[in-house]
Every structure is written in C-alpha cells, then in structure tokens.
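Here's a protein model to explore together. Have a look at it first, and then we'll go through some questions.

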Amino acid sequence: MATKPPTSDIDETQLRVTKRKKVAVGVPAVLHSLAIAQEQMGVVRSVRTLLRVNQKDGFDCPGCAWPENDHRHVAEFCENGAKAVAEEATIRRVEPAFFAEHSIDELRAHDDWWLGQQGRLTHPMVLEEGATHYTAISWDAALQQIADTLRGLADPDEAIFYTSGRASNESAFLYQLLVRGLGTNNLPDCSNMCHESSGSALTETIGIGKGTVSIEDIYDAKLLIVAGQNPGTNHPRMLSALEKAKQNGAKIIAVNPLPEAGLMRFENPQTVRGVLLGGTPIADRFVQIRLGGDQALFQAIGKHLLEAEARDGGVLDHDFIHAHTSGIDAYRDAMAAASWTEFEAATGLPESELREIAEAVRTSPSTIVCWAMGLTQHKHSVPTLREVVNVLLLQGNIGRPGAGVCPVRGHSNVQGDRTVGIYEKPSDAFLDALETEFSFAPPREHGYDTVAAIRAMDEGKARFFMGLGGNFVSATPDTEIVERGMAKLDLTVQVSTKLNRSHVMTGRRAIILPTLGRTDRDRRGGREQRVSVEDSMGAVHSSRGRLTPPTGDMLSEVAIITRLCDLLFGDGEQPDRTPSHGGDVDRHQVERLPHEEATGPDAPHVEHSGNAPRADWAALETDYALIRRHIENVIPGFEDYEERIDKGRTFFLPNGPRDERRFATTDGKAHFTANPLEYPHIPAGRLLLQTLRSHDQYNTTIYGKDDRYRGIHDGRRVVLVNADDIHDLGFQDGEIVDLVSEWTGADGRMQERRADEFRIVAYSTPRGNAAAYYPETNVLVPLESVADTSGTPTSKAVIVRLERRVASA
C-alpha cells in the first residue's frame, strides 16, 4: 500500500553523517527504488508502471535525457528514473480541500520536500489578490482570465513564458507559437541555467549547439573523459554505457572536485557481475581538480599534444585540420605562450600529472569528452568548452566513430524544447519558416533569458509570468530577488503536475493549471495521443502514457495551450468536444462555479491583433499528428515525422559534424580558438562554493532526505569542506554555521547574501573549495554573476565565508 504524505518538513536536527560510498547502484539502489515506488504508488501500480518506462510501446522517462539502446531491458530505468516516475504516478492527491485547509502563508512556510510530497494536483485553482487561500476555478474561467490578462498588457514584452525540460516537442512547439503570436520572444528556459554555455561554445566552434556522439560512439570510444559530471546520481543509466565501453577496452578519466561513487565502481543490478562479482571499476584515473580549473586542464592537454607533434610528429590529424578547420595558427601560438606554472595554479595539479592525462589523450585512437554542470556554470565556461573542442580537433576526434563532444543534458526533453523553438534568440531561418507556415509576422527582437527575466520582474517591466512545468522560483539564482520580482507581477500561472515553491511565491494573483504527466493516458478526440521527445544525443522518441489521469477532466499541456491560442487568436467560437475518459472532456460540461463570471462563447470577445498565427486550434488539440506535421514543415530534420516514429519509435535528427563533418559556421569549418586562461582567485579566509544535487533529488524535486553515496542522511543543510580548511578557518567538523556569499555589485559596492544553519562536514574536496545542495543555496548565487557569452548563472563559483552562529538569548 502507498503511504500518506509527510505531515512535517525535514528535521535537520536528525541529520547523520557516515562514510561516503565507493560503489554505486547495486542491490541497495534497487531496494531503495522499489521502496520509493511502493510508498508513492503501491505494489501493483509500481510494477505495471515501471515496466513501461522507456519501452518502445511505453512512455519516455520523465527524468534525465540519457538515450536508450535499440535493445531494451525488461527494466529499462535507473534508481532516479524510478523515483521520477513514482513522484508523477503517485496516488496521493492535492485536491481543492487541501487548499481550503492550508493557507498560502502556511504553504510558504513549508520546505520544498514537503510541498512536493503532497501528491498530484487535480483541479485548476486561483489565488485572488489579497486572498488567504487558493480556491477552485473552472477550466473555462481560468483560461479566460489568463487570456484577458494577456490582452490587457500594454506591451507583449510585459509577459514572460518559462519552460522546463519536461514539456514534449508538441507542447513546446505550440507554446513558442503562442508566445510569438502575442508578439514577444520572452522564452527563458531551464537551458539558460544549465547547458547554455555548451550551446554557445559549440555553435561558435562546430556550428551546432548539440553533442556529436551517439550511444554506439560511447561504446566504441577508446578514451572517455568525464568532466564536471556525477552520472551515478544525475544520469545513472550512463553507468551501463560506461561499463560497456570498459568491456570494449576503453579507458576512462574522471575529472571532478569531489570523488563520486558512480565513477569509482558500478554494480550493474541487471548482470551477474554486478550483483555477485563486485561490479566494474569505472574510472582508470580520478583527477581531483580545483573548481574552475578545467580550462587550464584542456589547455595543458592541447599544449602537450602540440609539443609532442613538434618533437616526434604523428600526433595531429593534419588532413582533418587542413580540410575541416580554421584558426590553428592562432591557437598554436597561444599554447606556445601558455605557462605550465599557471596550469598548476589553476588546476591544483602538478605538471607531471597534467602531462600524464595529456599522454592518455595522445595515445588514444578515439576520444570523447563528456561534461555537465561542473563545466558550464562558471564565468569562463564558454572559453573552457572551446578548449575541449580545440583538443578534440587536434586529433580529428569529431565526425568519426567513437569520438566527439558529449554534453550530457539533464531533463528529459530540454534539448528537444530548444530544437522546436523554445529560445529567446531565435534564428531568422526559424522565424521565416514559422511565418510561412502560420501566416503571421513573428517578432524579431530577442527576448529575455532567465536572468534578464528576473531583472525585468524586479524592475517592474513585467506584469505576467507563465511556467510550462518546472519550478522557476527554486531553480533560479538569487532567491530573494526572484521572490520579490514574482510578487510584483499582476498574474502568475503555473502549468504543473505537483505542488512546488513557485505555486506559493506568487504574483498579486495566481492560477494553477494541473496537467497530464508523461505517465498519464492522454485521450483526446476519441483516440489515445502520443507525444515525442529528443534525448541528449539527438534521437527523437515517441511516448505514450498508460495510467488513468488523476481526474477525468484534466487537460494535457497541448490542450491548455491550444485553448489559450483559440481564445487569443481564434474566432471566439468554442467548439463542442465529445467527453470521454482520460482527460478528453467537453468544456461546456465542466460545471461553472457560482462565483465565476461567464466565459466561453457567451462572454464578451476581445478582438485579437490582425497579426496572429493562423491554425485550426481545435483540430490541433484533438490530433497531435497535426502538430507534428507543422513541426515537420518548419524545422529541418523532421521530414516524415509521423512515419518515422510509427516505424521504430526513434529516429536521429541530422547532425552536420557527426554525419558528414559539415560545420555550419561562418566559414564552413570547425574553429580552433585562442582563449586567455581564466580561473577563480579565492580571497583569503574564503571558500569557493559549488551548488549541487543530493542523490535523493532531481533538479529542484526532492525525493528524499538522503545523499547516501556521500554519507549524508536525514538532512540537507550541510556544507562539504576540506578538513584542513575547516581547521585553518577556526571551525570544527560538525559545527553549525551560516553561509554568506560575497561579490562586488554593479555599483562597485560589496554585496552579500545569507543562507542560515548549515552543518560543516569534513570531505574530500580540494583546498579552498566547498559544496552544498541547491535549491537551499541558490539564494547565495548572485544574479549579476553570469558566464560570459551564455549568461548562465555561476552556480559552481560562489565566493562564501563561513560565519559562526550566535547563540540566541
């Protein structure tokens, strides 16, 4: 039987610290997955649901974006995937009675874990200005109020539309069409805070903002460098791929400030070796690098390769460099002038170790570099990733088997959302195609990214916010400013499956629109609909939920967006829809609540602008294949979309560098770049903090209270610090401190932010570095501190001091 949700928040006084683990997954992970699933879903529902995850006739995991093989295991999911499914497929419910019982002030006082554990949202809810509680509202009234607010804006740029990586290709495509139909490109998304630096660097250097490898390339590589990434927690299925690569003879180098269990040893629970024989050692070498030292590492590798070529020859791929690259001379000159002493200072590694790593690259016939947030959330992240490309270009390691760049994306469709148009800086080619397909003139001026959106809200330049999934308030930096900015808005709208902090830190008015999840059956127009997503390696998968939705009238994201489009751009007529089980409902048969004004065909209609996208919105709501046809017409690579997902569920989008060594850059070649070396300089008495996930969370969703691989149990407010730093700063292991971030603001004055009551935990991390979990520490990340070019918040480079708690009287 499933259990009831918790009645209280995490009690940090119960926090325990044990030794960190040196092996990942195994039987404990299986047992933990099953325990979480049973807690949320019960036994029978757990079995039925988990056996559908990532299957060809099932649904795509709502967790990470790691790809699947064509051959699927019976249990094609990992521990965190099971947790993600359990959270969505839970039988716990947040109904109108819940909001009647809990005031908005009470909800604001609860932590993220408690909010998320309450269950699935079931009904549209509204928080009126000055009200103490959310109250129920009909679908018609909720959507009409949103449409009326949007029509009432003085300028379309007063509206901000956020998107998480959970949205399907179909809903994301319609969402961007809605936004551009209104006349703005204000489409901040989770990519802005995660892999935007990857997209910026790769687009500049190889002409595409995506990776260039397939899952088969991972298996075939002879050297894999996994930098700034913890797959054991964040992408556990990646461990199976690394295990297979090892079995095929690959060497693996793990580069990270923290030792991570998943990169030490992997006990694959689906193999005899994993269960009975101690598993597989993953990393042949662990490189414990200082935070922000990765640019220096890859410059050191490049310098060593160039020196070896000059001395011995036979190192560089001259044919590839001559035919497919430009800029080698400037890069060679920059590396000749680079200093090994500076490399040592930046990385914390001796020259001898740097050369050993570089020698592994020199002797590898095919190399892949994988990375995640550890490389993307620094001021100099884009130059760092340019250096990754430089190293790979030297030996022709792009566009051939077993070689290439591999940015490992987080959320399950974050890459697909960007592919279908969720981007504040759309290309002219995309807008031209959109204009042709929908007979309107989309706006050309770039919109707000996440940081710019927060500034606009705080400065009073925005009046409306809508979130398609995600948890904007908890995911973003500088929490105090975000919450202050949200409170200034006229209306905030959240399209969500579960309760989170963005539902309680609201504008003057707020609307919650519950929606179908990836696991739910989506029956519309008398038939079951399917959606599609794109994984981290450019493969598009279809996905079809199988569970009965939490309520019979619940709308999908597609239905919510098409109905809004109909209200804003249509002729005002509300077509009848035949009701049926599983979310397919006639909007006229939803009973209107007594306090609501008339909406729909009987309500006064406000004419939309003449420049609006033209489409049969009702038809798109009831046949998602029509949406895919529009995508096919607008975006290259989706030709025969429907037929290809019919045929095999998965197809690959074109990738010029991977497919034919074609680079869509200014000169048609891959670019070597010369980048001045940058790395953090930490003031005396301070630490450089990185924010990270615990093992029992995914992004801002907190599944549980533990981070068992790091030895943290029943609590989250810890800061991991080198034992020598603890001593030298005058503290003790286990002491409770406040974390205070420091930076120089735009006005030249020293600025501070504070996060209270964190327990110091002695941990293996480089001197001067520290780590703590987000979202609790997002308050410390300055809004002004972002990566050059990409604008990504520098969540892996926060200068902090530890401040002793003053005992209260």
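Q: How many aromatic pairs does the structure hold?
A: Before counting, note that this is a predicted model, where local features need pLDDT of at least 70, side-chain atom pairs count only at pLDDT 80 or more, and totals for chains, interfaces and linings use all residues. Residues are numbered from 1 along each chain as its sequence is written, and side-chain values use heavy atoms, with hydrogens and water left out. Rings of Phe, Tyr and Trp (its six-membered ring) pair if their centres lie within 6.5 Å; planes under 30 degrees apart are stacked, over 60 edge-to-face, and the rest tilted. By that rule, the number of aromatic pairs is 14.

Q: Tyrosine 331 and phenylalanine 672 form an aromatic pair, so what kind is it, stacked or tilted?
A: The two ring centres are 5.5 Å apart, and the angle between the planes is 25°. Planes under 30 degrees apart fall in the stacked class. So the pair is stacked.

Q: How far apart in sequence are the parts that tyrosine 331 and phenylalanine 672 tie together?
A: Helices (DSSP H or I runs of at least four residues) and strands (E runs of at least two) are numbered from the N terminus. Tyrosine 331 lies in helix H16 (residues 328-337), while phenylalanine 672 is in the loop between strand S24 (670-671) and strand S25 (687-692), so the parts they tie together are apart in sequence by 341 residues.

Q: Which helices are tied together by the pair of phenylalanine 569 and tryptophan 617?
A: This pair is tilted, with 6.1 Å centre to centre and 45° between the planes. Both phenylalanine 569 and tryptophan 617 are buried. Phenylalanine 569 lies in residues 557-569 and tryptophan 617 in residues 617-622, so the pair ties together parts 48 residues apart in sequence, namely H26 and H27.

Q: Which residue has its charged end over the ring of tyrosine 219?
A: A charge sits over a ring if NZ of Lys or CZ of Arg is within 6 Å of the ring centre and within 35 degrees of the ring normal. Here the charged end is 4.2 Å from the centre of the ring, and it belongs to lysine 244.

Q: Which helix gives the most to the lining of the largest pocket?
A: A pocket is an open set of points on a 1 Å grid over the protein atoms alone, with protein on both sides within 12 Å along at least five of seven lines; a cavity is a set where a 1.4 Å probe fits but cannot get out, and lining residues have an atom within 4 Å of a point. The largest pocket is lined by 37 residues, with Ile208, Gly209, Lys210, Arg418 and Thr419 nearest its centre. Helices H9 (196-206), H21 (414-419), H22 (428-438) and H30 (656-660) each supply at least two lining residues. With five residues, the top contributor is H9.

Q: What is the volume of the second largest cavity?
A: Grid points are joined across faces, edges and corners, and a volume is the space filled by probe spheres set on the points. This cavity is lined by 19 residues, with Ser168, Leu516, Gly517, Arg518 and Val531 nearest its centre. Its volume is about 230 Å³.

Terms used:
Buried means under 20% relative accessible area, exposed over 50%, partly exposed in between (1.4 Å probe, protein chains only).
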